[in-house]
Structure formats: structure tokens, C-alpha cells
Amino acid sequence: EFKNIYTKNFYIYIINGCDYLASKNMLYNILYNKLDKNFLNKIVPETWIVNKKENINLFKRNFNKNNIYILKKNIQQKKGIYLSNNYKDILENMNNYNIIQKYINDTFLINKRKITLRIYLLIVYKNNNLYFYIHQTGKCLYTTKNYNKLTNINFSDSDYSSFITSSPNNLDLDIYNKNPHTLNDLKKYLNKNNYNYNLLFKNIIKNIKIIKTCFYDILYKKNKQCTNTCFQLFGIDYIFNNKLDTFLLEINKGPNMVPVSKKDFKLKYNIIEDVFDKVNFIKKNKQNLFIKI
């Protein structure tokens, strides 16, 4: 909480209440309470919150042995994940996790690899107003192995490398020799292969507008006593299917901004520079690529 911070002209790198976004069970609980359930399942994978009895009862009634389910903890960087399609196994282990989520099979593949999009969201509180921006430059993440259909898979060895995209530090960077690295690379790839990138990006914006609507009042109330400029960069992970429908997976309150290559350095340097420019901490001469939501 912000207390006794009344001196103006400070730049504070935190949005009070950021855990409402970054905590998986709080994120989905707020979305669950704010949105129609049928509409909710169109913007996030079907999700059940472990500590909500009514959610778990729904999961039990709707369980399908032909589906794979992901159990997730409130841990970032692809940690704290468990996959299973065994009903008894899930019920025995679920109390060690925060949410259960249906695994979406038909997500987009590039050269046989599943892809997740890392979208950078900037939230700024200043002059008694709350602003949301997304950056036009994001990053593509991939599974470390080629994707195979989820049949006759034994998940007990915790080898999810064909099914869950890896964090950049664990990913073989050679993948970017043939697969898109940035959103701009992805735009070229999709348009070349007769997919409409503009539709994909428009769907991402629509999704984030819904997130903003659901969380605006909560975050505003948490920050309204601060007289300084407060800001924070978030990393939102999205998957998408062949129809370019987008699904929110999670929101990271501390996305990894350590570069792993020269191209990655340029990407992240430009994002950080745009963050400081957007909050008027510095002034850059080039175009700022943050879009106001």
C-alpha cells in the first residue's frame, strides 16, 4: 500500500494492486465475477479456481477424459505447472495449485512449434487518472520441441516441452533463424501465408480492453491517494488459433527484460525507452510505439 507519499514529482515503478492482475486465481476470479460465463470462455481458456467450491463442482461435472487440463500455481516463467487428463490424479493434486485450466489443442503452429505471444502492457497512474497502453512490438515464444497431438502421453515425467512454450532463457535461440521473433516478424510471416495479422492484433486489443474494463475501478481505488506518477510494465501471454482468436493465459508483473541476443536487446531497449518517454521521465526523438487502450 502507498502510505505517506505526498511529495510530487516522484516516479514510482509500481502500480498498487498489481497482484490482482499477476495472481492467477485473483485474475480469473475477477473476470469470472465480471463477465458472462459463455463470453469469458471466448477470451480465456476455460478455467476453474481451486479455492472456489462452486468452480470445482463445475469442473467435476464438466470433466472430459479426452481433454488435457493444466494445473497452475502463482509462479511466473512457466514454473508451477502440471498437466493431466486423469480425473483422480487432478483431484488429488489440485490443492497444491491455484487454478485448473483446459488445455487448448488447436492453437497456431509455426514450423510445428506452438507459439505464445508476449505482449507488453504499460499501466500509468498520474494526475488522478489511470492509463493503459500496449506496445506494438512484442515477442514470440515457442515450445522447445515440435508439437504432437495429445494422445497416449504420459505426463508423470513432467516433460511438457512439446505442449508449453518455454521462457526465453530456456529456449534454443536457433528457433528464430526460421521462426518470427517479434510481432513485426510475425506480421510478415502471417501476411505471407494468407493470414490477416491486423485481425490478430485487433483481437488482442479487444481482449485487453476487456481486461481494462474489469480491473480499472479496482486499480484506480488502490492508487488514487498517490500524488506521484506511478507506472508498471506487465507481460501478457496470449495464444491464438488458426482463426486468429486470442486467449489470455496470464499476466506477468515483472516480465524478463534481460536480453538474450542482439535482436532481443534492441526489442527490449526500445520498449524500456518508450516506457520512460510515455511517463515523461525522458524525451525521445523517435516515435513511441505504445498505443493507448
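The side chains of Lys 72 and Gln 101 make a polar contact of 2.8 Å. Such a contact is a pair of N or O atoms within 3.5 Å; within protein, one must be able to donate a hydrogen and the other to accept it, and residues adjacent in sequence count only if both atoms are side-chain atoms. The model is predicted: local features need pLDDT of at least 70, side-chain atom pairs count only at pLDDT 80 or more, and totals for chains, interfaces and linings use all residues. Residues are numbered from 1 along each chain as its sequence is written, and side-chain values use heavy atoms, with hydrogens and water left out.

**Two lysines**

- Lys 72 sits in strand S3 (residues 69-72); strands are DSSP runs of E, at least two residues, and helices are runs of H or I, at least four, numbered from the N terminus.
- Lys 72 is buried but has no salt bridge. Buried means under 20% relative accessible area (1.4 Å probe, protein chains only). A salt bridge puts a side-chain nitrogen of Lys or Arg within 4 Å of a carboxyl oxygen of Asp or Glu.
- The nearest side chain of opposite charge to Lys 72 is Glu 250, 4.7 Å away. Lys and Arg count as positive, Asp and Glu as negative; His and the chain ends are not counted.
- Lys 139 belongs to strand S9 (residues 139-142). Lys 139 counts as buried because its relative accessibility is 2%.
- The side chain of Lys 139 makes a polar contact of 2.8 Å with that of Asp 264.

**Largest cavity**

- There are two cavities of 30 Å³ or more. On a 1 Å grid over the protein atoms alone, a cavity is a set of points where a 1.4 Å probe fits but cannot get out; lining residues have an atom within 4 Å of a point.
- The largest cavity holds about 240 Å³. Volume is the space filled by probe spheres set on the points, which are joined across faces, edges and corners.
- Its lining has 19 residues, and Ile 70, Phe 163, Ile 164, Ile 239 and Leu 249 lie nearest the centre.
- S3, S5 (99-102), S7 (113-126) and S11 (246-252) each give two or more lining residues. S7 gives the most, three.

**Largest pocket**

- The largest pocket holds about 460 Å³. A pocket is an open set of points with protein on both sides within 12 Å along at least five of seven lines.
- Of its 20 lining residues, His 135, Gln 136, Thr 137, Asn 184 and Leu 289 are closest to the centre.
- H8 supplies the largest share of the lining, five residues.

Key
Buried means under 20% relative accessible area, exposed over 50%, partly exposed in between (1.4 Å probe, protein chains only).
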